[in-house]
Amino acid sequence: MSEEKKRCPWCSSDVLLIKYHDSEWGIPQHSDMVFFEHLLMESMSCGLSWLLMLRKRSVFSRCFDGFDYNRIARYDESDVKRIMDDPDMIHSEPKIRAVINNASRFLEIISEFGSFDKYIWSFTNGKTLLYESFPAKRITRSAFSDAVSSDLKKRGFKFVGTVCIYSFLEACGLINDHMPECCRRAETLKMNDCLHVKDENEPLPTFPVRVQRRKKSLGTPGIKQQNSVSASAPKRRRALSAEKTDCVRGRPQ
Ligand SMILES: [Zn+2]
């Protein structure tokens, strides 16, 4: 019955992708736990298919405390070994270390902005972006994803290249890239106000909340130390620092 609906072509090959497309992809998110889960899966997916990520989701949850970034930020070397020893895990030590590193950086953003939700939506003033050049042109990165990727990298996140972040922004509803004929396009567009952008290279305006944050952060170079999750966090951070690696991947495939 539901299989007769028109959907974005990328999800048609597997029931798991269809379920993900119909129940998650493109819905404007506001839960920090959900944001971190998506960020974790996107950084894990570099060079791998999204279908594999969905199949491994329960493994990620098992290994990373149900995506609880508060707990992950406190992981030490024994946790790296525990996760690497899980037979079902993706055995990429740099990616595992990146997830642990990113949990601490994620907490720093929460400390600065109040929530990751406020931080990420401040880029668009709470609006969902619609590219007018889509779908005539297939987009895998944009000025928006460049800006988020660059900001996250400056904050010390790993495995957050612009293509990876573009996928993250689509998944979490900050960009709506459902095809015009897709049954989910109209449903997801009803969930938020939209900001129409000519094409992927049009820079975003700087919204008031971001200007305020920038002014507030001026003259507070010690902010990372102030926002550390625990007294021993900086030491762990050095020990767990991951390789700086970009992700190259399009939307789910
Ligand atoms: Zn769709």
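L130 is found in strand 1, which spans residues 128-131. Helices (H or I, at least four residues) and strands (E, at least two) are DSSP runs, numbered from the N terminus. With 15 C-beta neighbours inside 10 Å, L130 counts as partly exposed; a residue is buried if 20 or more other C-beta atoms lie within 10 Å of its own, exposed if 12 or fewer, and partly exposed in between, with C-beta atoms placed from the backbone. L130 and L195 are 65 residues apart in sequence, yet their C-alpha atoms are 6.1 Å apart in space. Neighbours within four places in sequence aside, L130 is in contact with N176, C194, H196 and V197, where contact means that the C-beta atoms of two residues, placed from the backbone, lie within 7 Å.

The model is predicted, so local features need pLDDT of at least 70 and side-chain atom pairs count only at pLDDT 80 or more, while totals for chains, interfaces and linings use all residues. Residues are numbered from 1 along each chain as its sequence is written.

Looking at the protein as a whole, there are 13 helices and two strands. Of its 253 residues, 37% count as buried. Among contacts between residues at least 6 apart in sequence, 78% join residues at least 24 apart. The mean pLDDT (the predictor's confidence in each residue, from 0 to 100) is 86, and 81% of the residues reach 70 or more. Over residues 219-250 pLDDT stays under 50, and for this stretch the model has 49 contacts beyond four places in sequence.

Now for the helix pairs. Two packed helices are described by the angle between their axes and the distance between the axes. Axes are lines fitted to C-alpha atoms, for helices over the stretch in contact, and angles run from 0 to 180 degrees between N-to-C directions. Helix 2 (residues 32-45) and helix 3 (residues 50-63) pack at about 125 degrees with their axes 10 Å apart, and are therefore oblique to each other. Angles under 35 degrees count as roughly parallel, over 145 as roughly antiparallel, 65 to 115 as roughly perpendicular and the rest as oblique. In this pair, L40, M41, M44 and S45 of helix 2 meet W50, M53 and F60 of helix 3. The residues of this contact divide into six nonpolar, one polar and no charged; Ala, Val, Leu, Ile, Met, Phe, Trp, Tyr, Cys and Pro count as nonpolar, Asp, Glu, Lys and Arg as charged, and the others, Gly among them, as polar.

The axes of helix 8 (residues 143-154) and helix 9 (residues 162-171) come within 8 Å and cross at roughly 110 degrees, so these two helices are roughly perpendicular to each other. Here F144, S145, D146, V148 and S149 in helix 8 meet T162, I165, Y166 and L169 in helix 9. Five nonpolar, three polar and one charged residue make up this contact.

The loops hold some details of their own. Most residues other than glycine have a negative phi, and most peptide bonds are trans. F159, in the loop between helix 8 and helix 9, has a positive phi near 60 degrees and counts as buried, with 28 C-beta neighbours inside 10 Å. N125, in the loop between helix 7 (116-121) and strand 1, also has a positive phi, of about 60 degrees, but is partly exposed, with 15 other C-beta atoms within 10 Å. The peptide bond from F134 to P135 is cis, with omega near 10 degrees.
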